[in-house]
Amino acid sequence: MDRRQFFKLCACGATTSAISALGLMPGTAMAAPREYKLLKAKETRNNCCYCSVGCGLLMYSHGSNGKNAEKAIFHIEGDADHPVNRGALCPKGAGLVDYVNSPNRNHFPEVREPGTNEWKRISWNDAFSRIARLMKDDRDENFIEKNSDGTTVNRWLSTGMMTSSAQPNEGGFITHKFARSLGLVAIDTIARN
Amino acid sequence: MSAQDIILSSGTSELTPAAQVRRKLSKVAKLFDATKCNGCKACQVSCSEWNDLRAPVGSFQGSYQNPMDLSSECWTLMKYQEVERDNKLNWRFAHSACMHCDDPACLTACSTKGAIVQRANGVVDFDSDKCTGCGYCVSACPFDVPRLDPIDQKAYKCTMCSDRIQVGQEPACVKSCITGALKYGTREDMLFIADLRIKELRKRGYVNAGLYNPEGVGGTGMIMILHDINKPQDYGLPADPKTSVPVKLWQDVVKPLGAAGIMATVAVACLHRITVGRNLVEEDEPAQFDHTHSDKSDKE
C-alpha cells in the first residue's frame, strides 16, 4: 500500500462512518420483548398445599397434553378465578415451581435408625407398621391418664403430630379426631415451615 | 410487538426518530402503595420465577432485605428501609424496580441505536442483543436500577414483564401481590386510584401522604404512594431525580457536534478536491538529487 492508497482508504472509512452516524444505514429489527412462554403450555388448576389458606394455582407444564410429551412443570402462578386468592400468592406460593422441581424432595419413605447418620429407603408398608409400632410403644410408656389432682386428662405429651395444612374442614376434623383421641397435644401443620 | 410500538430509542435523534405510529396507545403504569405493603416479598419471588432468574444465595447482612442490592439476576427487590420516627423504629418497605420514566435517563445516555427503547405503552426496555455493555445507563439512572451482568457484561433490569403485557396480562409482581399494594393498569386509571387513596390516607391522619411521580424524569411508569411525600429518601428514593447535565450535554451537544464535524471534514475535503485539486508531485525535477548523487560519487 502506498501513501495515496492509504489516504483513499482513510477517506472511505470516514465517509462510511459519517453515513452511519447520520442514520443512513439500514436499521436492524427493533427490540422485541421475550417470547411469551406459556402460549400453548398445558395449564392445570390446583390448590397450593403449603398452608391452610389453600390458594388456587395455575400450573404450566411442557407439552400441550399430547401423549408423547412428558409433562414437567415449569411455571406456577396464582389462579385469578379462584375465590380465595384471586390470582395473588405469598412469596412461598410464588416460588412453588422450585419446590416442585427441588432435588431435595422426598420421593419415598426413608428412615434414619438411632445411632446412624444414614437414611435407608423402606417400603410404605414397613413405614406404616414402624410408625404404628413406635407410636404404640411410646404411648404405652408415657401416656398420662390422670394428673396429680386425680382428674382425668388423657395426655400424651412425648409425641407431636405434623399434619397437612391443605385440608377442607372435614379433613381437619378427622385429623383432629384421630390425634386428640390418641391424647396428642402438640399438633401443627406444615404451614409453619 | 414491532418497531412500530417503539416511540423512543437510544441512539436516535429528532432528525432520525424511532417509529412513531402507535403514539396513541394508552400508557400503562404500576402503582405501588407503600401504605399497603407488608413486605412479604411475593413480588420479588414472582419476578425471579417469571423471568427465570435465580440469583446466587447470599448471606445474612443484618437485615430482612435479601439480597442487599439489585443485580442482573434480581430485577425486583423489596427494600427494608429502617427509619427512626418518634424514637420508634419504622420499617419503610419499598418495591424497588425500574421506574419506567417517561424521559428515561438511561435511554438518553445510551449511544447504541435501539439498545434501550421506550414502547408506546410507556415501558422502557433493554435489548441485550444490541447492548455493548458500556454501562452508561447504569451510571445515568437516577434511581440506580440497571445492572451489568458479570458474565456477559450486558445491562439488565425490570422489563415490566413486557412479554406478559404484550399478551394482555399484568406483570408477574402485580399479579402475586396479596395486599393489593401493587396495581397495574392504564396510567390514567392508576393516577385516579392513587388520588382517591391519598385523600383517604389524609383523612385518616397521614397528612403528608402523597404520590411519588417525579417531574424531573417526566413522570414514571411506576408511581408510588408514600406515607410522607416530603421524605422519599426514607424509601431509598431520590428527592428530585433527573437526567444529569453531562448526559444531556453528551447527547444533545457533543454528539451532534461530532456528527457535524465529520460532515464538515467530508465537505471540506470535497470542496478542496474540486477547487484546488490533487497535490501533484512533479517527478521530473532531479535538481536536489543531483547534488547528493554527486556527493556519493565523490566518496567513491
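Helices (H or I, at least four residues) and strands (E, at least two) are DSSP runs, numbered from the N terminus. The model discussed here is predicted.

Q: In which loop is the place of B:Asp52?
A: Phi of B:Asp52 is near 55 degrees, a positive value in a residue other than glycine. With a relative accessibility of 40%, B:Asp52 counts as partly exposed. Its place is in the loop of chain B between helix 1 and strand 3.

Q: What is omega of the peptide bond that joins B:Asn66 and B:Pro67?
A: Most residues other than glycine have a negative phi, and most peptide bonds are trans. B:Pro67 is placed in the loop between helix 1 (42-50) and strand 3 (77-85) of chain B. The bond that joins B:Asn66 to B:Pro67 is cis, and its omega is about 0 degrees.

Q: Is A:Arg86 buried or exposed?
A: A:Arg86 lies in chain A, in the loop between strand 3 and helix 2. Although A:Arg86 is not a glycine, it has a positive phi of about 45 degrees. Exposed means over 50% relative accessible area. The relative accessible area of A:Arg86 is 67%, so this residue is exposed.

Q: Is A:Ser61 buried or exposed?
A: A:Ser61 belongs to strand 2 (residues 56-61) of chain A. Not counting residues up to four places away in sequence, A:Ser61 touches A:Ala41, A:Lys42, A:Lys71, A:Ala72, A:Ile73 and A:Phe74. Its relative accessible area is 5%, and A:Ser61 is therefore buried.

Q: Which strands of chain B stand at the edges of the open sheet of four strands?
A: The order of this sheet in chain B is 9-2-11-10, with mixed pairing.

Q: With which residues is B:Ile198 in contact, leaving aside its neighbours within four places in sequence?
A: B:Ile198 lies in helix 6 of chain B. Its relative accessibility is 7%, so it counts as buried. With those neighbours left aside, the contacts of B:Ile198 are B:Ala209, B:Gly210, B:Leu211 and B:Ile225.

Q: How far from the backbone oxygen of B:Pro150 lies a polar atom of the side chain of B:Gln153?
A: B:Gln153 is found in chain B, in the loop between strand 7 (147-148) and strand 8 (155-156). At 41% relative accessibility, B:Gln153 counts as partly exposed. The distance from the backbone oxygen of B:Pro150 to a polar atom of this side chain is 3.3 Å.

Q: Which residue of strand 7 of chain A is the bridge partner of A:Ile144?
A: Strand 6 (residues 144-146) and strand 7 (residues 152-163) of chain A pair in the antiparallel sense over two bridges. In their hairpin, which has five residues between the strands, A:Gly150 takes a positive phi near 90 degrees. The bridge partner of A:Ile144 in strand 7 of chain A is A:Arg155.

Q: Which residue of strand 8 of chain A stands opposite A:Met162?
A: Strand 7 of chain A and strand 8 (residues 184-189) of chain A run parallel, joined by five bridges. The residue of strand 8 of chain A that stands opposite A:Met162 is A:Asp188.

Q: How many salt bridges does the rule find across the interface of chain A and chain B?
A: The contact takes 30 residues from chain A and 32 residues from chain B. Chain A and chain B bury about 2,700 Å² between them, with 60% of it on carbon and sulfur atoms. The side chains of B:Arg164 and A:Glu77 meet in a salt bridge at 2.8 Å, N to O. Across the interface of chain A and chain B, the number of salt bridges found by the rule is six.

Definitions and conventions: Residues are numbered from 1 along each chain as its sequence is written. Chains are lettered from A and ligands numbered from 1 in the order in which they are written. This is a predicted model: local features need pLDDT of at least 70, side-chain atom pairs count only at pLDDT 80 or more; totals for chains, interfaces and linings use all residues. Side-chain values use heavy atoms; hydrogens and water are left out. Buried means under 20% relative accessible area, exposed over 50%, partly exposed in between (1.4 Å probe, protein chains only). Contact means heavy atoms within 4.5 Å. A polar contact is a pair of N or O atoms within 3.5 Å; within protein, one must be able to donate a hydrogen and the other to accept it, and residues adjacent in sequence count only if both atoms are side-chain atoms. Two strands pair if DSSP finds at least two bridges between them. Buried area is the accessible area (1.4 Å probe) that two parts lose on being put together, summed over both. A salt bridge is a side-chain nitrogen of Lys or Arg within 4 Å of a carboxyl oxygen of Asp or Glu.
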